[in-house]
Amino acid sequence: MSVLSPNDGQIFNIIRRHGPVSRADIARFSGLTPPTVTNITNKLLDAGIIIDYMIGASSGGRRPLLLKVNPDSGQVIIIHIRSFKMIGYVVDTALQVHFEQTVSIRGMEHSTILELIQEVIDNCRKAAAKQPLAIGVVIRGPVRTQEGISVFAPNIGWKNVPLKYIIEEKNRIPTFIENDSHVLAYGEYFFGVAQDAVNMILLKVGFGIGSGIMFNGSLYRGINGSAGEVGHTVIDVAGPLCSCGNTGCMEAVASETALVNLVAAGIRAGQISRVTDIVKGDLLNIAPEDIYQAADAGDALSIRMLGQVAGYLGIGIANLVNIFNPELVVIGGGLAKASKYIEKTVWDTVAFRSFESCSSVLNIKYSTETNENTMKGAADMVFSELAGKIVDIN
């Protein structure tokens, strides 16, 4: 193993995130002097951690040599536990996927899911080119990242599960546990639609609503890692019951779950909708994708309920804009697939309900690359944690 100093790790992370990149740009990103950058990059080149890539374009002087990370310098395992399935990846330092396995967890008991996590890890280890450097586990709900504890995973029902301890004891590999919205924020910030932003709030709007708050390249976690639970801020005190036990939460009125409930309620009240035919009359089997399909076919009920959800989402975003004054809000997750039906209502609501001084500098973008950018964000977090322990392949 090669142990890197903090400055070494900083430059390694810059090259991973921005490569191919010149030494001059590394100095600009890092704030370090050009001689320091040259010394550190030469050290990383000698260790085989980064490689010379190509000669870049001239900006008026000598054409620069561009550097990028060596994808052979290490691999990690990422386990993404979604609502109804689990995905295991083997990912290298260039964030290329070498192995992927998807398994269903629908209806499984808590203990069975833990066993399945280990099974997927075993398969990933077998597929890895060399001993993985670490394991990253992505899970819904609040997480105590320092201790590696899943405080509450709503899709599974876990409470205070010490995942880090369980996995490290069985595998003897450093393991990191993180909330899915936090890693998606990393993925969008460094590799997705937010790459040009300095300050950004990510809203992952799916069956629930989570968020990640990025300021100056860092994730704001709060005092115990629970920051970003905006889905459980109250939007309508007279609103429906939320899964958390409160009423009128943003999640209860602006998520895909809320959308499904609204459309089903409209059909039960006698409104005509293409969704009825799509699900063959089984209203308990309505999925968000059915509503998006119906909306694309001009279904009035689906389009109207998308607008209602968008209005509530806009109220929640307006609150965030007034509090944090970000330059960018990114809406990801399943609802982003319906952006053409919600974006105008979301923007109009934000502009109406927030201070002009805040919203006048705001941009709102939509991203449908949730799965890929979650994987990239998770791997990026793990490699960042490992910046002091990178494999020396020489």
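Q: Which elements are among those that cover the buried residues of α5?
A: The covering elements include α4 (110-127), β7 (135-139), β9 (149-153), β10 (158-161) and β11 (175-179). Cover is judged by contact (heavy atoms within 4.5 Å), and the elements are DSSP runs numbered from the N terminus (helices: H or I, at least four residues; strands: E, at least two). The model is predicted, and local features need pLDDT of at least 70, side-chain atom pairs count only at pLDDT 80 or more, and totals for chains, interfaces and linings use all residues. Residues are numbered from 1 along each chain as its sequence is written, and side-chain values use heavy atoms, with hydrogens and water left out.

Q: Which residues of helix α5 are buried?
A: Buried means under 20% relative accessible area, exposed over 50%, and partly exposed in between (1.4 Å probe, protein chains only). In α5, which spans residues 163-171, Leu163, Ile167 and Asn171 are buried. Because these residues cover an arc of only 30° around the axis, they lie on the same side of α5; the arc is taken over the directions from the helix axis to the C-beta atoms. Just after α5, Arg172 takes a positive phi of about 55°.

Q: What is the order of the strands in the open sheet of three strands?
A: In general, strands of a sheet pair through backbone hydrogen bonds, either parallel or antiparallel. Here the order is β1-β3-β2, with antiparallel pairing; a pair of strands requires at least two bridges found by DSSP. The edge strands, β1 (21-22) and β2 (50-55), each pair on one side only. Between β2 and β3 (residues 65-69) there are five bridges, and Asp52 stands opposite Leu67 in β3.

Q: At what angle to β3 does helix α1 run?
A: Helix α1 (residues 6-18) runs at about 95° to β3 and lies across β1, β2 and β3. Such angles run from 0 to 180 degrees between N-to-C directions, with axes fitted as lines to C-alpha atoms, for helices over the stretch in contact.

Q: How many residues of strand β13 are buried?
A: Six of the seven residues of β13 (residues 209-215) are buried, which leaves the strand mostly covered. Strand β12 (residues 199-205) runs antiparallel to β13 and is joined to β13 by seven bridges, with Leu203 opposite Ser211. The two strands form a hairpin with three residues between them. β13 also pairs in the antiparallel sense with β14 (residues 218-219) over two bridges, where Met214 stands opposite Leu219. This second hairpin has two residues between β13 and β14, and Asn216 in the turn has a positive phi of about 50°.

Q: How many aromatic pairs does the structure hold?
A: A pair of aromatic rings is described by the distance of the centres and the angle of the planes. The structure holds five such pairs, with rings of Phe, Tyr and Trp (its six-membered ring) paired if their centres lie within 6.5 Å; planes under 30 degrees apart count as stacked, over 60 as edge-to-face and the rest as tilted. Tyr186 and Phe190 form a tilted pair, 5.5 Å centre to centre with 55° between the planes. Phe190 and Phe191 form a tilted pair at 6.3 Å and 55°. Ring pairs link Tyr186, Tyr189, Phe190 and Phe191 into a cluster.

Q: Where do Tyr186 and Phe190 lie?
A: Both are in helix α6 (residues 180-191), four residues apart, about one turn of the helix. Tyr186 and Phe190 are both buried. Phe190 counts as buried because its relative accessibility is 10%, and Phe191 counts as buried because its value is 18%.

Q: Over which ring does the charged end of Arg106 sit?
A: Arg106 sits over the ring of Phe84, 4.0 Å from the ring centre. The criterion places NZ of Lys or CZ of Arg within 6 Å of the ring centre and within 35 degrees of the ring normal. Arg28 likewise lies over the face of Phe29, at 4.6 Å from the ring centre.

Q: Why does Ser255 count as buried?
A: Ser255 counts as buried because its relative accessibility is 0%. The residue lies in the loop between α7 (250-254) and α8 (256-268). Not counting residues up to four places away in sequence, Ser255 touches Val205, Gly206, Phe207, Gly208, Ile209, Met250 and Val309.

Q: With which residues is Ala128 in contact, leaving aside its neighbours within four places in sequence?
A: Ala128 is in contact with Gln75 and Val90 on that basis. Ala128 lies in the loop between α4 and β7 and counts as buried because its relative accessibility is 13%. The C-alpha atoms of Ala128 and Gly107 are separated by 30 Å, with the two residues 21 apart along the chain.
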